[in-house]
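Please read the numbered points with the sequence and the structure in view.

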Amino acid sequence: MGSRELGEIKGAGITEDAKKTISQLESLYAHCMCMRGKEEEGEIWEADCKAIEIAIKAIRQQYMDNRAEKQGKGLRLYLSGPISGTDDYIKRFEEVEDRLTEEGYSVINPARLLERLPGGFSHEEYMGVCMGLLAACDAICMLGGWEGSAGANREYGFALARGMGIYK
């Protein structure tokens, strides 16, 4: 169990208390890992490392159980990816929307919604609508190529700052 796995659940929309506990466990785990090479106390530190790993796994399992329960209630996912400057964005977004809907998610597809708005909106006005939709969601799903999209990067930053689940 490493900080990469802990980082995955830290940013996945879990409670602040759980994030704090995970952070404390990370620090303690790093300390124990450094100390287990000590000749006299190595076995004690090794046992502590195992105990911390068990605690981390328990938190991870609780998070997964809570997430599964919430999915059953329609976890709201926002799709984010490049739209401007692409010709196939509607198809790409719809394919992901269809797959996630089949898995039980409630999907907010901005490509579908934006195509229904009347013309004359500026990019910034479209982004205002998108950010409002994103704020109403539990998590964001980043579609391929999002890194090259200014709008998707803005949505990613917003989700990150709010501690939302981020799926790539």
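1. A residue is called buried when its relative accessible area is under 20%, and exposed when that area is over 50%. The model discussed here is predicted. With this cut-off, Gly151, Ala152, Glu155, Tyr156 and Ala159 of helix α7 are buried. Seen down the axis of α7, these buried residues fall within an arc of 140°, so they line one face of the helix.

2. The opposite side of α7 should be examined as well. On the face turned away from the buried side, α7 carries the exposed residues Ala150 and Ala161. As for what covers the buried residues of α7, the cover includes strands β1 (76-80), β3 (139-142) and β4 (165-167), together with helix α6 (123-135).

3. The length of α7 can be checked by simple reasoning. Helix α7 comprises the 13 residues 150-162, and at 1.5 Å a residue it should span 18 Å. Its end C-alpha atoms are 19 Å apart, which agrees with that expectation. Just after α7, glycine 163 takes a positive phi of about 75°.

4. The wider setting is as follows. The protein chain has seven helices and four strands, and along the sequence they follow the pattern α-α-α-β-α-β-α-α-β-α-β. Of the 168 residues in the chain, 35% are buried. Among contacts between residues at least 6 apart in sequence, 62% join residues at least 24 apart.

5. Are cysteine 130 and cysteine 137 buried or exposed? Cysteine 130 has a relative accessibility of 3% and therefore counts as buried. Cysteine 137 is also buried, because its relative accessible area of 8% is under the 20% cut-off. A disulfide requires a pair of cysteine sulfur atoms within 2.5 Å, and by this rule the count comes to zero.

6. Finally, a pocket should be considered. Rolling a probe the size of a water molecule over the atoms shows where empty space is left. The second largest pocket has a volume of about 280 Å³. Which residues lie nearest its centre? They are Ile83, Ser84, Leu114, His123 and Met127, out of the 22 residues that line this pocket. At least two lining residues of the second largest pocket come from each of β1, α4 (89-102), α5 (110-115), α6 and α7.

Terms used. Residues numbered from 1 in each chain as written. Predicted model: local features only at pLDDT ≥ 70, side-chain atom pairs only at ≥ 80, totals over all residues. Heavy atoms only, no water. Expected span 1.5 Å × (residues − 1). Buried < 20%, exposed > 50% of the residue type's maximum accessible area, 1.4 Å probe, protein only. Arc of directions from axis to C-beta. Contact = heavy atoms within 4.5 Å. 1 Å grid on protein atoms, 1.4 Å probe; cavity = no way out; pocket = protein on both sides within 12 Å on 5 of 7 lines; lining within 4 Å. Points joined across faces, edges and corners; volume = space filled by probe spheres on them.
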